[in-house]
Protein chains: 2
Amino acid sequence: MTASRLVVVGGDAAGMTAAAQARRRRSPDELEIVCFERGEFTSYAACGIPYLVGDVVHDPDALIARTPEDHRRNGLDMRIRHEVVAIDVAARTVNVRSLDDGTETTEPFDQLVLATGATPIRPPLPGIDADGVFGVQTLGEGIALRAAVDTSNVEHAVVVGGGYIGLELAEALVLRGIQVALVEAGPQPMPTLDPDMGALVADALHHVGIDLHLEEAVEGFEVDDGAVTGVRTAGCVLPADLVVLGIGVRPASELAAAAGLAVGPTRGIVVDDHQRTSADGVFAAGDCIETFHRVSRRPVAIALGTHANKQGRVAGINATGGDAAFPGVVGTAVSKICKYEVARTGLSEREASDAGFDAVAATIDAQTRASYYPGTRPLRVKLVVERDGGRVLGAQIVGEEGAAKRIDVLALATWTGMTAGELLNVDLGYAPPFSPLWDPVLVAARRAAALVGAAGESSA
Amino acid sequence: MTASRLVVVGGDAAGMTAAAQARRRRSPDELEIVCFERGEFTSYAACGIPYLVGDVVHDPDALIARTPEDHRRNGLDMRIRHEVVAIDVAARTVNVRSLDDGTETTEPFDQLVLATGATPIRPPLPGIDADGVFGVQTLGEGIALRAAVDTSNVEHAVVVGGGYIGLELAEALVLRGIQVALVEAGPQPMPTLDPDMGALVADALHHVGIDLHLEEAVEGFEVDDGAVTGVRTAGCVLPADLVVLGIGVRPASELAAAAGLAVGPTRGIVVDDHQRTSADGVFAAGDCIETFHRVSRRPVAIALGTHANKQGRVAGINATGGDAAFPGVVGTAVSKICKYEVARTGLSEREASDAGFDAVAATIDAQTRASYYPGTRPLRVKLVVERDGGRVLGAQIVGEEGAAKRIDVLALATWTGMTAGELLNVDLGYAPPFSPLWDPVLVAARRAAALVGAAGESSA
């Protein structure tokens, strides 16, 4: 028997998880696995970049789960600084360019896994290419930003974009003793939260000393001698020794699109629940795809390492003849900004309305531990439920230590389609160091059940 | 219309939650609510007693959620130091003795809620009534123990019983600088965990300096001049300036049994899912009842404030003409011993086997946060699933900070009857300060899915 050949495009979370899973299932005699990565790092924690910048993590190596050499030792033909520039689905080949010498080769595949990741949004603003304007998509960029903070005398930094990445980078720069301004074009930080919860995040940012500029679009960058000196918005010019772009990313689907693969409304590669693209024997996983939102029933593109890993696993199993499914997402996300924690899952009230649900929301203030237990911290939970029957559609949490991971129970309730009336009695762990007698999650469920007249709450 | 009359027996979590719920639903013109409590405190956090003893909580008042006067202000006729000594279901009366003057009165009721709590197990061992031997069931006992630690020169203490209460009290005494020995008749601390997980708890106890004596039954107490000086086991005599009994409790169901109400195999009062006892218009809630275990499908008596509150709410709603159900428990429990955290839900491997399940277990070691994030801590997760199909039957967690509350997701998975294959892809919150890319819960699910051949894990 001739060994068949699996080609993986992209050497980070999704691609290398797929490759490793395939390797575990097929010996080198059965299956050759060739992985192309255009950068020089593999399997690194992009989510860890803010902590490297903030010197919470001291060494970039700590963010690298597996080096190219590690992968080679595990039986993968790992080729870094090699960019796949074209796919010929009919011929079962990819064209690969070496970034070291510019040579291009044609490589055959039997099965292909695309894990090309995401491209940071980088608006063509005047001055955006000046020195001191940093993206943070790749580990190389993260290392460069860290070096700039280490070696320059940075007094003022501006972070552009108030989503998770922007906030985590703002925290990082605050931790480095830098005066930080955060510019967000929308009316609130964390645009995926409802306005009432977003306002709490804005308060938290003020508390940690971040100068928040909402509803101010960046119009350009002030540059002196090739280096950025300020950020210009409609309202003002913010001084900046350094600028970080955290505006967001979009799926890097150009390669797939050029090969004729279906790309969806989010610009993500279209896949089914087995991570199969529209081309036979071609799988895709991670930030480059669009996946299925279990509540809105719509395609979504969410760049997050944990999805990339899970989808990579599924792609690796199915690309080697197995049968695994990725059942979609509910849009869970958690983040920390200094002592504050933010979390969300499912649909916000606004998103629920946009998706056609008749939704109501219950919002409660509670504590993370028993009121008398030291270290108890405040949190607010907002639970969004369907008006008819009270099915949990989503939730948001803003609070302090111990708040964010409570979203997991609500994520699972959203995932399974539980109602607020069912949720309020669930047997969650209780002891004074961990929870009040009624966990905040249950208090929110109780309030939501009352709103929809369920579980006896309003049957007086 | 003449007001009807609700009588509540027991002034703590279950009883006062029922009373407060009834009050919210019915005005004083519609419903008179009379509550009898034989102690002098109401609505206090019995679960907080270890923290009062350990001086983690400084003031006993902090443990009191509502005083008798608070309840009166809320429209309840709260009578402390009044013990209900008999119930006549046919006559719709209770006999009540004043503990101040010994007088007995007969009080009518239309609806009755029994919330008589639990009775600590107190074996008739020689010397058990000596000074310095403490129970910790009531707030009064907790205050007395705290006072003994505050004012005596306690060098050595012995805690009898290695369950949650025993361990929490051992922690409390360690925090007070006392040499603590823990005596447990069984082969491990935390008898409701499987032996492998119990062994981790034993290690944790050693690490915090507790002298652990397993498989040693207490045979009696050494007493000198009326005061305890030691604890005698088959193996040795342990010096003790102070002894705490944490052997466990049983439902206080005598009053109900004497009135002819059905009492079950656990000695708890039998109730249906509406907290109705076998007598019409008589409800019961809290530690005095037995409830329904959703996995074993068997009655269980679990003394825990969070259940008492939930059941009290249901009793209060139904006693006032509403319709609410308590859907049972899955036996979730969490506890902290110094820096260690312990949690369980559902059935252990042993309990699953006893309940007739063909179960397998997956055990994994993981971390609470991303490996590179400071403060990441080890934890072990054991997931028990049905061999055929992989339905989650229960889980156990032992670890350090951030470990225990992860049981909540597993509790909900157990509650809803999810399979390991379904669980492994659930969209739980991920960010480096909160979780590895694969949350430990998902890693355990993945391992369990592989054991049962689900979700593509073993279809190579």
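Among contacts in chain A between residues at least 6 apart in sequence, 65% join residues at least 24 apart; two residues are in contact if their C-beta atoms, placed from the backbone, lie within 7 Å. Keep that in mind as you start the tour.

You are looking at a predicted model, in which local features need pLDDT of at least 70, side-chain atom pairs count only at pLDDT 80 or more, and totals for chains, interfaces and linings use all residues. Residues are numbered from 1 along each chain as its sequence is written, while chains are lettered from A and ligands numbered from 1 in the order in which they are written.

**Stop 1: chain A**

The average is 96, and 98% of the residues score at least 70. For the model, ipTM is 0.96 and pTM is 0.96.

Now switch to cartoon view: chain A has twelve helices and 26 strands. Here helices (H or I, at least four residues) and strands (E, at least two) are DSSP runs, numbered from the N terminus. With a radius of gyration of 24 Å, close to the 23 Å that the globule rule gives for 460 residues, chain A is as compact as a globular protein of that length. The radius is taken over C-alpha atoms, and the rule is 2.2 Å times the number of residues to the power 0.38. Along the principal axes, the C-alpha atoms of chain A fill a box of roughly 75 × 60 × 40 Å.

Of the 460 residues of chain A, 58% count as buried, that is, 20 or more other C-beta atoms lie within 10 Å of the residue's own, with C-beta atoms placed from the backbone.

**Stop 2: helix H10**

Select residues 407-416 of chain A. Ten of the ten residues of this helix are buried, among them Val409(A) and Trp415(A). What covers them includes strand E26 (392-399) and helix H12 (440-452) of chain A, together with helix H10 (407-416) of chain B. Step on to Gly417(A), which follows H10(A) and has a positive phi, near 75 degrees.

**Stop 3: the two copies**

Show both chains. A rotation of 180 degrees with 0.0 Å of shift along its axis superposes chain B on chain A (RMSD 0.0 Å), by least squares on the C-alpha atoms of residues with pLDDT of at least 70 in both. That is the relation of a two-fold axis. Select Val409(B): of the residues of chain B, its C-alpha comes closest to the rotation axis, at 2.6 Å.

**Stop 4: Leu424(B)**

Finish in the loop between helix H11 (420-423) and helix H12 (440-452) of chain B, where Leu424(B) sits. Leu424(B) counts as buried because it has 27 C-beta neighbours inside 10 Å.

Note on methods
Buried ≥ 20, exposed ≤ 12 C-beta atoms within 10 Å, placed from the backbone. pLDDT = per-residue confidence, 0-100.
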